[in-house]
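Subject: Structure for your review

Dear colleague,

Please find below the structure that I am handing over to you. My notes on it follow.

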Amino acid sequence: MYEHYFSGTKPDWNRILEEMDDRIYSFFFAEVPLEINLEDIARIDHDGLRHEFEHVFEYRELPFQNDRSMAIIFYRSEDLNENLQLLHLDLIPYLTIKHLVFN
């Protein structure tokens, strides 16, 4: 895109459209559920969460300590079924909660 802008050219849209497939390209923004206190989280199982997705292009771990953002996942799926399932994904199983120790 930038190359075309700076060189004053246009993409070959006909070729681009011919090369397109029918797959779904999406991203998923994972957040710590509101019922979980951020200070209670010991770790996030990013490997486990990553395996919820059929074909991951990029998985970006985010520093959840500052806000509820856990990860952004860019992925591809064959149809909308994966996206529909992910809308109801429970993220709590991917959180390890700190154990409280009393003296």
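**Confidence and conventions**

The protein chain has an average pLDDT of 90, and 96% of its residues score at least 70; pLDDT is the predictor's confidence in each residue, on a scale from 0 to 100. This is a predicted model, in which local features need a pLDDT of at least 70 and side-chain atom pairs count only at pLDDT 80 or more, while totals for chains, interfaces and linings use all residues. Residues are numbered from 1 along each chain as its sequence is written, and side-chain values use heavy atoms, with hydrogens and water left out.

**Overall architecture**

The secondary structure consists of four helices and five strands. Helices (H or I, at least four residues) and strands (E, at least two) are DSSP runs, numbered from the N terminus. In sequence order the pattern reads α-α-β-β-α-β-β-α-β. Among these elements, helix 1 (residues 2-7) has the lowest mean pLDDT, at 86, and helix 3 (residues 46-50) has the highest, at 97.

The radius of gyration of the protein chain is 19 Å, whereas a compact globule of 103 residues would have one near 13 Å. This quantity is taken over C-alpha atoms, and the globule rule is 2.2 Å times the number of residues to the power 0.38. Along the principal axes, the C-alpha trace spans about 70 × 35 × 20 Å.

Buried residues make up 28% of the 103 residues. Buried means under 20% relative accessible area, exposed over 50%, and partly exposed in between (1.4 Å probe, protein chains only). Of the contacts with a separation of 6 or more, 66% are between residues 24 or more positions apart, where contact means heavy atoms within 4.5 Å.

**The nonpolar core**

The largest nonpolar core holds 19 residues, of which Phe-28, Val-32, Ile-41, Leu-49, Met-70 and Ile-73 touch the most other members. Strand 1, strand 2 (41-44) and strand 4 each supply at least two residues of this core, and strand 4 gives the most, with four residues. Such a core is a set of buried Ala, Val, Leu, Ile, Met, Phe, Trp, Tyr and Cys residues joined through side-chain atoms within 4.5 Å.

Leaving aside neighbours within four places in sequence, Ile-73 is in contact with Ser-26, Phe-27, Phe-28, Leu-49, Phe-53, Val-56, Glu-58 and Tyr-59.

**Aromatic rings**

Rings of Phe, Tyr and Trp (its six-membered ring) pair if their centres lie within 6.5 Å; planes under 30 degrees apart count as stacked, over 60 as edge-to-face and the rest as tilted. By this rule there are five aromatic pairs. Tyr-5 and Phe-6 form an edge-to-face pair, 5.1 Å centre to centre with 80 degrees between the planes. Both Tyr-5 and Phe-6 are exposed.

Phe-27 and Phe-74 form a tilted pair, with 6.0 Å centre to centre and 35 degrees between the planes. Phe-27 lies in strand 1 (residues 24-31) and Phe-74 in strand 4 (residues 69-77), so this pair ties together parts that are 47 residues apart in sequence. Phe-27 is exposed, with a relative accessible area of 55%, while Phe-74 is partly exposed at 28%.

Ring pairs also link Phe-28, Phe-53 and Tyr-75 into a cluster. Separately, Arg-50 lies over the face of Tyr-59, at 4.3 Å from the ring centre; a charge sits over a ring if NZ of Lys or CZ of Arg is within 6 Å of the ring centre and within 35 degrees of the ring normal.

**Individual residues**

His-46 is placed in helix 3 and counts as buried, at 10% relative accessibility. Not counting residues up to four places away in sequence, His-46 touches Tyr-59, Glu-61, Met-70 and Ala-71.

His-55 is found in strand 3 (residues 55-61) and is partly exposed, at 31% relative accessibility. With residues up to four places away set aside, His-55 touches Phe-74, Tyr-75 and Arg-76. His-55 and Tyr-75 are 20 residues apart in sequence and 5.5 Å apart in space, C-alpha to C-alpha.

Leu-86 lies in helix 4 (residues 81-86) and is buried, with a relative accessible area of 7%. Beyond its neighbours within four places in sequence, Leu-86 is in contact with Phe-28, Glu-52, Phe-53 and Tyr-75. Leu-86 and His-99 are 13 residues apart in sequence and 29 Å apart in space, C-alpha to C-alpha.

Yours sincerely
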